[in-house]
Amino acid sequence: MNEKLANAANILHEQKLHAESKELKPGEEDHYRIWQAQASPYSYKVMTFMNYKGIPYKKVLGTMMELDWAKTVAGQSIVPVMLAPDGQVMQDSTPIMITLEQQFPAIKTVPDQTGLAFIMWLIEEFSDEYMPRLHMHTRWGNEQNRNTLSHRISRGITFGSTEMETADLAPILRKRQTGFDQHLGLEGEGVRTSLDQQVKDLLAILEQHFLHYQFLLGYQPSIADFALYGPLKVHFYEDPYSNEIMETLAPRTCNWIHTINDLGDTRGCAGQTEFGDWIDFDNGLPETLQALLAYIGKTYIPFATNCAEACVKREKQFQAEIYGVTASFSAHQYRGWSFEELQLRYQALTDQDKEQVDAVLNQASVLPAMMSGGILHNGLFDGFTPPFIEDGIPDARIRRLKEKEAQAKAEN
């Protein structure tokens, strides 16, 4: 134990505050508890969604000790992890939001028009699965962000710690992050230059869209807004290097971020409470939203289809050509499963809805590539019920790892 920290009065106070944040006090029996982190886009995706819908919750900081707890109850050291009021463990932002949408239907975040809802899920999937490549590029691809973010993340993890200070952990995290480049296709000739252009192109599309619409699907927020808000706010807007890019190239997108930030905030009547309508899909999509889909067709679709195919073949690596540059990626079963969920949503559309959806997806070059290989089944969650977790085993991958660990212990 660090003697200096052990005797610091405010460290003890931090520990007290943290312990209290984990407990439900009288009057809080209906509250969810969410273990989150300042640098986690998925945490803010869920929290702003809950703010908008008026779902009561308590924030719990994902400190060093809490990450160990998360590994016990959720199978991995990850945030967000959430406890329902009845104590059920919940993990994975999208299934959490789907469940809460059903449980709290008064304020909708999914359009009634089925075709428009599919467009929403496509944008949501892009935000969750391709945006990490962009924001990990900007976050760790320059010295200013590397230094700042290694300390920011360490500050949250070491809150209330008597073992380690921010400055002790930051170099370890910084060194660790460089190892992720190979997994996200951030290595190779021309890759970084291409990603710089992809960031600028995305912000240019959003700027044009927010010139005409307050939210992604019109004048009412949807799950797509919260999903894209997460990486744009937590990474691009809050990281110092990329913040300059956003403020200079995308002021309207910055305004959109602030609108999402304030949803549900009654202090000073800050949060917006009156909203308009979603886009009427029967009249087609506006050019700005069509441009966003075309961008998704050029980036997420080749990435996702190649990843899903590699997962089915049990290959650890795959290549994809994006923006004319070929990069190598690690194949992750979760991304393969998530893409399959998107394919199943498309497959479930009625013929009439498909006729509408196909018109815009073909124009955007999302189709036919998205379905060209058929439904690519991934068994990651076969027999499981996300977002709910029992016995600390969320999926087949974690179950196999725990079985191997138990076998190794038995043999020793």
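Which residues does E125 touch, not counting residues up to four places away in sequence? Select E125 to find out. This is a predicted model.

**Stop 1: E125.** Start in helix 6, residues 114-129, where E125 lies. Now show its surroundings. Leaving out residues up to four places away in sequence, E125 touches Y130, Y300, S338, F339 and L342. Next, look for a charge partner. E125 is buried yet has no salt bridge. Select R345 as well: this is the nearest side chain of opposite charge, and it is 7.4 Å away.

**Stop 2: T299.** Keep Y130 displayed; it is a contact of E125 and also of T299. Select T299, in the loop between helix 14 (287-298) and helix 15 (300-312). Is T299 buried or exposed? T299 counts as buried, because its relative accessibility is 0% and the limit for buried is under 20%. Draw a C-alpha to C-alpha distance from T299 to Y130: it reads 7.5 Å, across 169 residues of sequence.

**Stop 3: the positive patch.** Move to the surface. Select R314, K316, R397, R399, R400 and K404, which gather in a patch of positive charge. Pick out R397, in helix 18, residues 396-411. R397 is partly exposed, with a relative accessible area of 33%.

Technical notes
Residues numbered from 1 in each chain as written. Predicted model: local features only at pLDDT ≥ 70, side-chain atom pairs only at ≥ 80, totals over all residues. Heavy atoms only, no water. Helix = DSSP H or I, 4+ residues; strand = E, 2+ residues; numbered from the N terminus. Buried < 20%, exposed > 50% of the residue type's maximum accessible area, 1.4 Å probe, protein only. Lys, Arg positive; Asp, Glu negative; His and termini not counted. Salt bridge = Lys/Arg side-chain N within 4 Å of Asp/Glu carboxyl O. Contact = heavy atoms within 4.5 Å. Patch = residues over 30% accessible without salt bridge, like charges linked within 9 Å, V, L, I, M, F, W, Y side chains within 5 Å. Areas by Shrake-Rupley, 256 points an atom, 1.4 Å probe, with all protein chains shown as cover. Charge placed at Lys NZ, Arg CZ, Asp CG, Glu CD.
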